[in-house]
Amino acid sequence: MSQSTEDPESILAQPPEEHTGIKVKKPKEYAAGVAAVASSLKHVFGLAGLKRGVEGMAKLNQKDGFDCPSCAWPDPDGHRAPTEFCENGAKALASETTKRRVDPAFFARHSVAEISQQSDYWMEQQGRLTDPMVLREGSTHYEPIGWDEAFQLIASELNGLKNPDEAIFYTSGRTVNESAFLYGLFVRMFGTNNLPDCSNMCHESSGAAMGAAVGIGKGTVTLKDVEEADCVLVVGQNPGTNHPRMLSALQETVRKGGEIIAVNPMKEAGLIGFAHPQEITGMMGASTPLASRFLRVKINGDQAVFQGLMKSLFDLEKESPGEVIDAAFIEEHTVGFDAFSKGIASVGWGEIEERSGLREESIREVAGLLIRRDKKLVTCWAMGLTQHRNAVSTIRDAVNLHLLLGAVGRPGAGLCPVRGHSNVQGDRTMGIFEKMPAEFHDSIDRVFDFKSPREVGYDVVNSILAMHAGKASVFFAMGGNFLQATPDTEFTAEALRKCSLTVQVSTKLNRSHVVTGAQALILPCLGRSEADPDENGNLQFSTVENSMGVVHQSRGTLEPASSNLRSELMIAAGVADATLGKESKLDFLKVARSYDEVRNLIEKTIKGFSNFNERVREPGGFYLDNPAKNRIFHTASGKAEFSAEPLTSADLAAGQLMLMTIRSHDQFNTTVYGLHDRYRGISNERRILFMNPDDMREREIKPLAQVTIRNESDGRLREVSGFLAIPYELPRDAVAGYFPELNPLVPIGSTAEISNTPTSKSIPVVVELDIA
């Protein structure tokens, strides 16, 4: 199908190849401080204005306010500061509360091709979407469409499919619990489990590993556990940029005598020190040192580190029998220890050093720190562990380490996968998953009197492959920026362009609005900060779940950006009503008018939500049951399971370098708030590639020289050009740069074993000077 009468090549799937005036300074030695405060205020007041900005900040992450639409780090259970948010939270608030508008007149002025030729930053800066818009087949411009007509268009396309599995329903981590529940229910009543979500691209590996090992794919710690740990391992994570509020918890760990150990290819400012912006000393530039040890691991060398640590612990146990390994815990609560211990014994230090890039002595020193005091160990990780081919095995070894020390299910100890988006964990709890367990299906069948489909649906990668192969032709996204979040940008663009209809539920303009199917819809929704009153004018609240399993309120209070916005809940209900009609025994529109009523249905359906409406009205909400915290392991054996994981890491051919994609400090996921990466010393540029200085000299690449980066696999050449080389402290043979600009190099077929997560942190590439 033809997308439009414009030349398809004029509609760019990637940001334009242009530079914006780079400035390079020395990287920072600590995170936050007065610079973070200044940046926060600049964004909020510059976009939202003084009055709206102050109103928003006063309610952000407060118990009677709204949840930050940025990361999922938990809020304190007790007292909360008047400014209980970080710099990136302020940027997210500024983005949502901006006074700028993208209205029908904007789309009349700008064709789809013209918009596509602008940067992602430019798109973000245009403002809030105000009205439903349609791109009709063959048209060059979006035009307004009424809500009912939009719903009927979607229904017509869906009901015209030969099979419900020809439709794909994506969900971003912004979607609140009530919307996710009703949306997922509609999709299954329609007849498919094609419910890919952003977790497929981030912590799917964590869920697969932890579910098999300890029976739950969520973290097993609370905020208090982190603060009271003897040692916190921060592995493959950059909290200073991606989860800044985590720094105050790590500061508390240090102040209580705990040790922070950082394992990462890049020495990030947020791993070195933290100047608390709500403390006088922090505002004056005095920082609390955080990581006492920094291990500059090779890209994808983390599994070798974990196996080296465990090998060291076995040796320490031989020196001090009964004082290192928790034999009682292992005997009572675990299985698989013998095979696991033999596997560790068989791994030599030469292989560990080669794969990790670290000396044996450095790993042994850290192992000694793990057993100080009461062996209260917390391990935190993010995409640096989850986006590799061996991600699940690596995380299984992280769990093995904890089982060896009995560091699960006791105060100050446990596993902490740090979620990236504010409600990605809650969406999964609500059923947004292509392969929910049978008991979930049995429950929705019983409560809603229908037979839900049991076939496993498409995850993100398989959704792209299905669209590309013509097996799916309708794509519906509840939030997010699918094109820019996914791997292999040009391949994904080809897949989306083969659809008959693509639908985006959004608050802001993004590149997924310009790379479309034959027809496209933009459905503008309320933001987290905006009021959503019921029919009587009473403010309603939604709910979200944070990284540590706390379900709590989020009550928007600000005036919506447009009177023509609808909540995600009402949008899901509108699509369901138009599509299912009288075939549904549930009146979606009636239910969606009351969040309380949706919560009543959740209570009837999902385990752990008894007295939902009552408990969530308690200040701060409630913790969901987490059996692993109580040493109850819902695994196949009924016990925590050691696993004997073969030691692997990504390999390079001669002349190749290993690429990992990262965020700049001025972005959250695919949203680009600005052009600066303050902590790494980069200003006013995104098209850059961090390189080891020796690798640059070997290739005769000078600082700020323009380079081309290539990946060739699966018979397809992937190439991006015009990136500026930046010398940086990285391991040899390692390079790093920002996504989404480097996503075109991530092959669609390069995914983690078991989880199928794209391997965006370990892509073999060739880097060469651009040809003038």
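Predicted model: local features only at pLDDT ≥ 70, side-chain atom pairs only at ≥ 80, totals over all residues.
Me: How compact is the chain for its 772 residues?
Reply: The secondary structure comes to 31 helices and 31 strands. The globule rule gives 28 Å for 772 residues, and the chain's radius of gyration is close to that, so the chain is as compact as a globular protein of that length. The radius of gyration is 25 Å.

Me: What share of the residues in the chain is buried?
Reply: Buried here means under 20% relative accessible area. The chain has 772 residues. Those that are buried make up 64%.

Me: Which residues lie closest to the centre of the largest pocket?
Reply: The largest pocket has a volume of about 1300 Å³. Its lining counts 38 residues. The closest to the centre are Gly215, Ile216, Lys218, Pro437 and Glu439.

Me: How many residues of the lining of the largest pocket are charged?
Reply: Helices α9, α22 and α23 each supply at least two residues of the lining. By class, the lining holds 13 nonpolar and 16 polar residues. The charged ones number nine.

Me: Why do the buried residues of α29 line one face of the helix?
Reply: Helix α29 spans residues 595-605, and Tyr595, Val598, Arg599, Leu601, Ile602 and Thr605 are buried. Seen down the helix axis, they line one face because they fall within an arc of 155°.

Me: What covers the buried residues of α29?
Reply: Contact means heavy atoms within 4.5 Å. The cover includes strand β19, at 542-545. Helices also take part, including α8, α23, α27, α28 and α30.

How values were computed
Residues numbered from 1 in each chain as written. Heavy atoms only, no water. 1 Å grid on protein atoms, 1.4 Å probe; cavity = no way out; pocket = protein on both sides within 12 Å on 5 of 7 lines; lining within 4 Å. Points joined across faces, edges and corners; volume = space filled by probe spheres on them. Helix = DSSP H or I, 4+ residues; strand = E, 2+ residues; numbered from the N terminus. Nonpolar A, V, L, I, M, F, W, Y, C, P; charged D, E, K, R; others polar. Buried < 20%, exposed > 50% of the residue type's maximum accessible area, 1.4 Å probe, protein only. Arc of directions from axis to C-beta. Rg over C-alpha atoms; globule rule 2.2 N^0.38 Å.
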